[in-house]
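Please look at the sequence and the model first.

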Amino acid sequence: ACIGSRFVNGVSSLHTKLLCRTVLKDFNEIWPNKFCSITNGISYRRFVLVANPQLAKLISDICGEKWIKESSLLQKLEPMANDKAFLQKWEQIKRNNKIVLASVIKKRTGIQVDPYSIFDCHIKRIHEYKRQHLNILRILAQFLRIKDGIEKNPVPRTCIFAGKAAPGYYMAKLIIKLIHQVAKIIRADKKVAKVLNVVFVPDLNVSLGQVIYSAAELSEQISTAGKEASGTGNMKFAVNGAITIGTLDGANIEIRDAVGHENFFLFGLTADEVISYKENGYNPSDIYNSDGELKNVLDFLSSDLMANGNKELFMPILRSLLEKDEYMVMADFRSYILRQEEISKLYEERIKWLKSSVLNTARMSRFSIDRAVREYNKKIWHAVPVEV
């Protein structure tokens, strides 16, 4: 493909750098002018106009209807982030969407979720590098904190997962099982269930995704730095006003720069730090022995309550973390926990949270598919545009 193509494109800035430095290093040395970087984009007509019509109308009221084709006009929303009346409308639309999603979840799973809790969404293909299991470990840590009375008056949170695993991918299937088991344990504990809920919504597709992206308040983009080529779910969430917690990976880097570092919850190692850790003999068991809370969480995976009569059930996950930890879950755990605590605090400061939400949408113009296609045409295709 590299030999036969005129151009080789990385779908985010970091992805392109990694291709040139590692995966396709030899080809880049032979043909440095063949490599270019065009970041992915998404259709705002699909993922805002169709998926979130109430928000689309509110945006049109401020920006005019031309933003649908000229996404740069979204910037007109920025001054509205300081308008309390506008923020109330923004919040009400998000709540309406949360009520719709709660209804979908109830219909598909039979589980009732609280639309007044944080909707914390992790929606993507199930894969170890995308680290749904890091999210679950954090949830277990909070479960144990609440159960033991360590965490007082937690901000109510609904953790929503969705995604499919490749048919033969055993660990991914086991992670789905883990999510379901943790959800079951939490709902069975009356004290914890009042403030924490976990649900896995089955059969993810674009139609279901549209409902989730519109209702999400927190977007989980927590892949191991250097592993995600770009991602587009991160864009779908952010343009609908969800605030991202994420690593410096894929398009997360560019989204953070666009929306403002103060409107993005960054945690974890960088791609270079991941490489350095591994080159210098990374030992995850050292972290296990030095972080008491993480040790308790991992030990809980083989407990009677968790194992449901089969203590070997989640041992493959436990062993993968303690023996190798290929995707640096252990290394990023503490940083992730601390940022999640900051998220809970900010959520209670409603004006600050809503302002950050509005600015996420207002500053997402460059992630439109229209920009991506124009950039492809300018750099690669050189086709003559046709007026429609």
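The model is predicted.

An open sheet is built from 6 strands in the order 5-4-3-6-7-8, with parallel pairing. At its edges stand strand 5 (196–200) and strand 8 (264–266); each has a single partner strand, so one side of each lacks a neighbour in the sheet. On average, neighbouring strands are turned by 20° against each other, direction ignored. Strand 6 (residues 218–221) and strand 7 (residues 243–246) run parallel and are joined by 4 bridges. Glu 220 has Ile 245 in strand 7 as its bridge partner.

Helix 6 packs on the sheet and touches strand 3 (118–123), strand 4 (157–162), strand 5 and strand 6. The direction of helix 6 makes about 155° with that of strand 4. Helix 17 also packs on the sheet, touching strand 3, strand 4, strand 6, strand 7 and strand 8. Its direction makes about 155° with that of strand 8.

| Helix pair | Axes come within | Crossing angle |
|---|---|---|
| Helix 7 (residues 170–188) and helix 16 (residues 315–323) | 9 Å | roughly 110° |
| Helix 5 (residues 84–109) and helix 18 (residues 350–362) | 10 Å | roughly 80° |

Helix 7 and helix 16 are therefore roughly perpendicular, and their crossing is left-handed. Tyr 170, Met 171, Leu 174, Ile 175 and Leu 178 in helix 7 meet Pro 316, Ile 317 and Ser 320 in helix 16. Of the residues in this contact, 7 are nonpolar, 1 is polar and none is charged.

Helix 5 and helix 18 are likewise roughly perpendicular to each other. On the helix 5 side, the contact includes Phe 86, Leu 87 and Trp 90; on the helix 18 side, it includes Arg 350, Ile 351 and Leu 354. This contact divides into 6 nonpolar, 2 polar and 4 charged residues.

**Helix 16 and its surroundings**

Which residues of helix 16 are buried? They are Met 315, Pro 316, Ile 317, Leu 318 and Leu 321. The buried residues of helix 16 pack against helix 6 (132–147), helix 7, helix 13 (284–290), helix 14 (292–300) and helix 17 (329–348). After helix 16 comes Asp 325, which has a positive phi, near 50°.

**A loop residue**

Pro 79 is located in the loop between helix 4 (53–63) and helix 5. Is Pro 79 buried or exposed? Pro 79 is exposed, because its relative accessible area is 54%, and over 50% counts as exposed. The C-alpha atoms of Pro 79 and Ser 13 are separated by 29 Å, and the two residues are 66 residues apart along the chain.

Conventions: Residues numbered from 1 in each chain as written. Predicted model: local features only at pLDDT ≥ 70, side-chain atom pairs only at ≥ 80, totals over all residues. Heavy atoms only, no water. Axes fitted to C-alpha atoms, helices over the stretch in contact; angles between N-to-C directions. Helix = DSSP H or I, 4+ residues; strand = E, 2+ residues; numbered from the N terminus. Parallel < 35°, antiparallel > 145°, perpendicular 65-115°, else oblique. Left-handed = near helix turned anticlockwise from the far one by under 90°. Contact = heavy atoms within 4.5 Å. Nonpolar A, V, L, I, M, F, W, Y, C, P; charged D, E, K, R; others polar. Buried < 20%, exposed > 50% of the residue type's maximum accessible area, 1.4 Å probe, protein only. Pairing = 2+ DSSP bridges.
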